[in-house]
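Student: I am new to this structure. Can you take me through it in short questions and answers?

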Amino acid sequence: MKKEMIKISGMSCAACAQRVQKAVAKIGGVAEASVNFATEKLTIEFDEQLVAIPEVKKAVEEAGYGVIEDLKYNSVIIPIGGMTCAACSQRVEKAIGKLEGVRKVSVNLATEKAAIEYDSGKIKLSAIKDCIVKIGYQALEIDKNTVDVDKLRKEKEIKTLWTKFIIATVFAIPLLYFAMAPMISWWMVPIPKAVDPMQYPFRYALLQISLVTPIVIAGYKFYTIGFKALLQRSPNMDSLVAIGTSAAIIFSIYNTIRIINGDSSAVESLYYETAGVIIALILLGKSLEAVSKGKTSEAIKKLMGLAPKTATILENGEEIEIPIDEVEIDQIILVKPGEKIPVDGVVQEGSSSVDEAMLTGESMPVDKKAGDKVYAASINKNGLLQFKATKVGSDTALAQIIKLVEEAQGSKAPIAQMADIVSGYFVPVVCSIALLAFMAWFFTGQSFTFSLTIFISVIVIACPCALGLATPTAIMVGTGKGAENGILIKGGAALETTHKINTIVFDKTGTITEGKPEVTDIITAGKIERNYLLQIAASAEKGSEHPLGEAIVRGAQKENLELKKVDQFEALPGHGIEVVIDQVKILIGNQKLMVQRKISLEEFKDMSDQLAGEGKTPMYIAIENKLAGIIAVADVVKESSLKAIQKLRSMGIEVAMITGDNRRTAQAIARQVGIDRVLAEVLPQDKAGEVKKLQAEGKKVCMVGDGINDAPALVQADIGIAIGSGTDVAIESADIVLMKSDLMDVPTAINLSKSTIRNIKQNLFWAFGYNVAGIPIAAGLLHLFGGPLLNPIFAAAAMAFSSVSVVTNALRLKRFKAYR
């Protein structure tokens, strides 16, 4: 199954999102389709053998919406030397246009520049330059202008909406004035006698028509999109606006015809101002909504803005500045003090401290020397670095983080399901209620005008937008805020489940502890020398990736001991290792291994218990099935561990620790950090089983780990949290990734989830509550008991600001503060 994200245009409310989702879900081969109205993105999971992306795009277009092509093309302007006439510019244009990967080329002879759009995945800029040189011209230094196409599109959309609103308002204010002044002339400036409705009713009607026409033109999209959706039997918010305002305009036109035919009393039944003001108010709401929605995605824009636009590469000892997209793997890149690192790589020469705060949130710069990894967007503080590019483009750590955050923001939380179901039926139900209310009032003796007012009010006050925006906007801000604090949440479901967690299981090594253990004690048996024991143990462990084994190797290196050649090596997961050195069989591991091989530990029982009680891990070494000694290794507890666990306990969350270590050592570490429940001597393959046991007790379990052996447990847990400094497998298996190794981010992630879900519930309460209360009031419920009748203009104002209020409430999450 493949996962893709497609940008959709033309959606105006949650009903539109539901329509797109249903249209795509019907395609054979599509396993899952999810449309996020706030991000305007369709996320699909599909079988490439059964369906292709063009088919999906076609289905979206057939449903009446547009597909915004994800621009994978780079734009570049290359100044060209040596062109003398139009034939030269034509020749250059044709030559570049023939290159595979070049989408568009335009050569301007007057400016002597070629504007080119190309796919950097198919052709490199250097190849385009070579082509220009080959046909006899010069490719001069490039204009390094980069354009954020998506940002420009959004800005254009907001500008267009504001322009339409201003035009509508300019005409709506005088329209409202001319409509209201005759009724309340005692406190308003009287209207000119030339258009007095009592004396010149036709002039008065004509004036209102001339004022409402530009407003209708400004809001033409409500009609083109709304009626099209209506004809396709999938009405949306635009349909409601179109129906409501059309009803007011058509009724007013009917009364204008009556005036022409001599019935001057019809002047009292003109409702042009209702339609005009409704359109103006809804355009205002749409404009504010577009601005607010733009703010919800600021986090992703910040991440995207971190990457530098150019890189300085070294070729034959020469420094060459090239666009970031032109950097290739294995190129040597030069980074001067104060510059951003353009791509991921490994330092070849030089040393410096690098600020990685924008990626990890870690405030202290990290020292880098030859052999150390560096990451795109981090800042070189004080030294000169030369490094080899290892990951470029979409493979860099920054690009992967952006992708992860984008996917999370495009996902849906289970809490949104009810809103999605309601949105699908919302508009038809509202239309039915409006029609029933109209008929009920009309057939019980009220006038046509009164009943029409009711009909328009019900149609206009209903707001499916608020329902559609309630959940995704909060998720966008919540996941974005998490990313700002180095907490990467992989989706809406993970964000929602996290707030339900009542039990957290921490892996010990590398999670609660630093994961960099050191040798503390070496105890030998019989005549075996201390250095010999350390030498053979380190020789055996050299091929191991276990932190305890690495500690023994480092201990031998500190003592300058020469390591022996290993003839045979076998890892015994959860127990230790078995090796052959100099034709001698050696076992190194835990107590379980020694018991399994029936090796007596009686001689060192008290000593091993004492070491374990001090929080040290005793590693037993046996030579030819006879105990040769113990090497004790201790790991330092992280500074943040105690504080984080205290915070979790204050939040009412039970904390447990899981480890393959012996029970005494595990309990000693647990005491240091305030953990009561210890799951010790657990084999790697059994960690997931222990999590399952806790779940069987009815607990919502979160597993926090960093190693390969934690991956099954991370998957089994309701929520898996991986430490960012851990292995790729653990990070891949987790629902949440902590970019720092600071355990305070665990309570922060839970608190962020609680804040986001609380915000979503507030939004849903407002969205449902507004519609549940607003529609009956618009239908005349208060009037039935002697109260006032809701004017359609006030109904439109309420509708316009309901969706804005939901987005504004979601933006309050930006004030969220991480625990420190």
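Student: Is Tyr 770 buried, partly exposed or exposed?

Tutor: Keep in mind that this is a predicted model. Tyr 770 has a relative accessible area of 8%. The cut-off for burial is under 20%. So Tyr 770 is buried.

Student: And Trp 766: buried, partly exposed or exposed?

Tutor: The relative accessible area of Trp 766 is 37%. Buried means under 20%, and exposed means over 50%. The value for Trp 766 falls in between, so this residue is partly exposed.

Student: How are the rings of Trp 766 and Tyr 770 arranged: stacked, edge-to-face or tilted?

Tutor: The whole structure holds 13 aromatic pairs. In the pair of Trp 766 and Tyr 770, the ring centres are 5.6 Å apart and the planes meet at 35 degrees. Stacked needs under 30 degrees, and edge-to-face needs over 60. So the pair is tilted.

Student: What separates Trp 766 from Tyr 770 along helix α27?

Tutor: Helix α27 covers residues 745–778. Trp 766 and Tyr 770 are four residues apart in it, so the separation is about one helical turn.

Student: What span is expected for α27?

Tutor: α27 has 34 residues. From its first C-alpha to its last it reaches 48 Å.

Student: Which residue with a positive phi follows α27?

Tutor: Look just past the helix. The phi there is positive, near 100 degrees. The residue is Gly 780.

Student: Which residues does Thr 449 touch, leaving out those up to four places away in sequence?

Tutor: Thr 449 sits in helix α14, residues 448–461. With a relative accessible area of 18%, Thr 449 is under the 20% cut-off and so is buried. Its contacts are Phe 251, Ser 269 and Tyr 271.

Student: Which residues form an aromatic cluster with Phe 251 and Tyr 271?

Tutor: Phe 251 and Tyr 271 belong to one aromatic cluster.

Student: Which strands are at the edges of the open sheet of seven strands?

Tutor: The order is β18-β30-β29-β28-β19-β26-β27, with mixed pairing. Neighbouring strands are turned by 20 degrees against each other on average, direction ignored. An edge strand pairs on one side only. The edges are β18 (487–489) and β27 (677–679).

Student: Which residue in β26 stands opposite Phe 506?

Tutor: Strand β19 (residues 503–507) runs parallel to strand β26 (residues 654–658). Five bridges join the two. Opposite Phe 506 stands Met 657.

Student: What angle does helix α23 make with β27?

Tutor: Helix α23 (residues 663–673) packs on this sheet. It touches β26 and β27. Its direction and that of β27 make an angle of about 145 degrees.

Student: Is Asn 316 buried, partly exposed or exposed?

Tutor: Asn 316 lies in the loop between β9 (310–315) and β10 (318–323). Its phi is positive, near 55 degrees, though it is not a glycine. The relative accessibility is 85%, and the cut-off is over 50%, so Asn 316 is exposed.

Student: Then Glu 681: buried, partly exposed or exposed?

Tutor: Glu 681 has a positive phi of about 55 degrees. Its place is the loop between β27 and α24 (687–696). At 36% relative accessibility, Glu 681 counts as partly exposed.

How values were computed: Residues are numbered from 1 along each chain as its sequence is written. This is a predicted model: local features need pLDDT of at least 70, side-chain atom pairs count only at pLDDT 80 or more; totals for chains, interfaces and linings use all residues. Side-chain values use heavy atoms; hydrogens and water are left out. Rings of Phe, Tyr and Trp (its six-membered ring) pair if their centres lie within 6.5 Å; planes under 30 degrees apart count as stacked, over 60 as edge-to-face and the rest as tilted. Buried means under 20% relative accessible area, exposed over 50%, partly exposed in between (1.4 Å probe, protein chains only). Two strands pair if DSSP finds at least two bridges between them. Axes are lines fitted to C-alpha atoms, for helices over the stretch in contact, and angles run from 0 to 180 degrees between N-to-C directions. Contact means heavy atoms within 4.5 Å. The expected span of a helix is 1.5 Å times one less than its number of residues.
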